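I opened the model today to go through its sheet, its helices and a few side-chain pairs. My entries are kept in the order of looking.

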Amino acid sequence: MANWQILGVGAVGSLWACYLHKAGHSVELLFRNRAALERYRNRGGLTLVREGVEEQHSLDAGVVDGPGGCAELLLITTKAHQTLEALHQCCARPASRSRL
(Lines give C-alpha, C1' and ligand atoms only; values in the text may rest on other atoms or scores of the structure.)
Protein backbone atom coordinates (compact mmCIF):
# COMPACT_ATOMS: atom_id res chain seq x y z
CA MET A 1 0.00 0.00 0.00
CA ALA A 2 0.98 3.64 -0.36
CA ASN A 3 3.23 5.44 2.06
CA TRP A 4 1.33 8.50 3.40
CA GLN A 5 2.44 11.43 5.51
CA ILE A 6 -0.15 13.79 6.96
CA LEU A 7 0.86 17.31 7.86
CA GLY A 8 -1.79 19.08 9.90
CA VAL A 9 -2.98 16.77 12.64
CA GLY A 10 -6.15 18.59 13.62
CA ALA A 11 -9.66 17.23 13.21
CA VAL A 12 -9.44 16.77 9.42
CA GLY A 13 -5.91 15.35 9.33
CA SER A 14 -6.64 13.00 12.23
CA LEU A 15 -9.77 11.68 10.53
CA TRP A 16 -7.92 11.05 7.26
CA ALA A 17 -5.09 9.37 9.16
CA CYS A 18 -7.45 6.99 10.96
CA TYR A 19 -9.34 6.05 7.80
CA LEU A 20 -6.16 5.53 5.77
CA HIS A 21 -4.72 3.42 8.59
CA LYS A 22 -7.91 1.34 8.82
CA ALA A 23 -7.68 0.76 5.04
CA GLY A 24 -4.22 -0.76 5.51
CA HIS A 25 -2.04 2.15 4.42
CA SER A 26 1.23 3.10 6.06
CA VAL A 27 0.62 6.51 7.68
CA GLU A 28 3.02 8.89 9.42
CA LEU A 29 1.79 12.03 11.18
CA LEU A 30 3.95 15.14 10.91
CA PHE A 31 3.81 17.63 13.76
CA ARG A 32 5.16 21.18 13.64
CA ASN A 33 7.19 20.89 16.80
CA ARG A 34 8.42 18.42 19.40
CA ALA A 35 5.96 19.63 22.06
CA ALA A 36 2.98 18.69 19.86
CA LEU A 37 4.62 15.35 19.07
CA GLU A 38 5.09 14.64 22.78
CA ARG A 39 1.43 15.49 23.53
CA TYR A 40 0.39 13.00 20.83
CA ARG A 41 2.66 10.31 22.26
CA ASN A 42 1.44 10.95 25.82
CA ARG A 43 -2.16 10.46 24.67
CA GLY A 44 -1.21 7.11 23.16
CA GLY A 45 -2.18 8.03 19.61
CA LEU A 46 -5.41 9.14 17.98
CA THR A 47 -8.88 8.18 19.14
CA LEU A 48 -11.60 7.85 16.52
CA VAL A 49 -15.16 7.75 17.85
CA ARG A 50 -17.72 6.52 15.36
CA GLU A 51 -21.28 5.62 16.23
CA GLY A 52 -20.34 5.58 19.90
CA VAL A 53 -17.45 3.15 19.44
CA GLU A 54 -13.92 4.30 20.26
CA GLU A 55 -10.94 3.09 18.23
CA GLN A 56 -7.36 3.83 19.19
CA HIS A 57 -4.82 4.36 16.39
CA SER A 58 -1.14 4.51 17.33
CA LEU A 59 0.55 5.78 14.19
CA ASP A 60 4.15 6.62 13.39
CA ALA A 61 4.81 10.28 14.05
CA GLY A 62 7.59 12.80 13.71
CA VAL A 63 8.24 16.49 13.37
CA VAL A 64 8.16 18.28 10.06
CA ASP A 65 11.80 19.34 10.24
CA GLY A 66 13.00 15.96 11.49
CA PRO A 67 15.07 13.39 9.63
CA GLY A 68 13.77 11.80 6.47
CA GLY A 69 12.07 13.19 3.44
CA CYS A 70 8.63 13.39 1.99
CA ALA A 71 6.64 10.23 1.67
CA GLU A 72 5.27 8.91 -1.57
CA LEU A 73 1.99 10.71 -0.81
CA LEU A 74 1.71 13.85 1.32
CA LEU A 75 -1.65 15.13 2.54
CA ILE A 76 -1.56 18.68 3.91
CA THR A 77 -4.56 19.47 6.09
CA THR A 78 -3.43 22.76 7.58
CA LYS A 79 -5.47 25.93 7.51
CA ALA A 80 -5.28 27.63 4.09
CA HIS A 81 -3.01 30.48 5.21
CA GLN A 82 -0.50 27.95 6.63
CA THR A 83 -0.28 25.65 3.62
CA LEU A 84 2.65 27.17 1.72
CA GLU A 85 4.83 27.46 4.81
CA ALA A 86 3.99 23.88 5.76
CA LEU A 87 4.83 22.65 2.28
CA HIS A 88 8.19 24.45 2.26
CA GLN A 89 9.09 23.03 5.68
CA CYS A 90 8.11 19.50 4.79
CA CYS A 91 9.47 19.15 1.30
CA ALA A 92 12.77 20.89 1.30
CA ARG A 93 14.01 17.41 0.43
CA PRO A 94 11.27 15.54 -1.45
CA ALA A 95 11.76 12.00 -2.59
CA SER A 96 11.81 11.48 -6.35
CA ARG A 97 8.59 9.48 -6.14
CA SER A 98 6.69 12.06 -4.01
CA ARG A 99 3.26 13.28 -5.07
CA LEU A 100 1.64 16.21 -3.31
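This is a predicted model: local features need pLDDT of at least 70, side-chain atom pairs count only at pLDDT 80 or more; totals for chains, interfaces and linings use all residues.

The notes below start with the sheet and end with the salt bridges.

I looked up the strand order and found 4 strands in an open sheet, E5-E2-E1-E6, with parallel pairing. Strands E5 (60-63) and E6 (73-76) are at the edges; each has a single partner strand, so one side of each has no neighbour in the sheet.

**Entry 2, E1 and E6.** I then checked one pairing in detail. E1, residues 3-7, is joined to E6 by 4 bridges in the parallel sense. Trp4 has Leu73 of E6 opposite.

I asked which strands helix H1 lies across. H1 (residues 11-22) lies across E1, E2 (26-31) and E6, and runs at about 165° to E1. Helix H2 (residues 34-43) touches E2 and E5 as it packs on the sheet, and its direction makes about 160° with that of E5.

My search for ring pairs returned a count of 1 aromatic pair. The partners are Phe31 and Tyr40, with ring centres 5.3 Å apart; their planes are at 40°, so I logged the pair as tilted. Are these residues buried or exposed? Phe31 is buried at 8% relative accessibility, and Tyr40 is buried at 3%.

I located Thr77 in the loop between E6 and helix H3 (83-90). Its relative accessibility is 18%; Thr77 therefore counts as buried, the cut-off being under 20%. The Thr77 side chain reaches the backbone nitrogen of Gly13 at 3.5 Å. Leaving aside neighbours within four places in sequence, I listed the contacts of Thr77 as Ile6, Leu7, Gly8, Val12 and Gly13.

I searched the whole structure and got 2 salt bridges.

- Lys22 and Glu55 meet through their side chains at 3.0 Å, N to O. This pair links distant parts of the chain, with Lys22 in H1 and Glu55 in strand E4 (residues 53-57), 33 residues apart. Lys22 is partly exposed at 39% relative accessibility, and Glu55 is partly exposed at 23%.
- Glu38 and Arg41 meet at 3.5 Å, N to O. Both lie in H2, 3 residues apart, about one turn of the helix. I recorded Glu38 as partly exposed with a relative accessible area of 38%, and Arg41 as partly exposed at 45% relative accessibility.

Definitions and conventions
Residues are numbered from 1 along each chain as its sequence is written. Side-chain values use heavy atoms; hydrogens and water are left out. Two strands pair if DSSP finds at least two bridges between them. Contact means heavy atoms within 4.5 Å. Axes are lines fitted to C-alpha atoms, for helices over the stretch in contact, and angles run from 0 to 180 degrees between N-to-C directions. Rings of Phe, Tyr and Trp (its six-membered ring) pair if their centres lie within 6.5 Å; planes under 30 degrees apart count as stacked, over 60 as edge-to-face and the rest as tilted. Buried means under 20% relative accessible area, exposed over 50%, partly exposed in between (1.4 Å probe, protein chains only). A polar contact is a pair of N or O atoms within 3.5 Å; within protein, one must be able to donate a hydrogen and the other to accept it, and residues adjacent in sequence count only if both atoms are side-chain atoms. A salt bridge is a side-chain nitrogen of Lys or Arg within 4 Å of a carboxyl oxygen of Asp or Glu.
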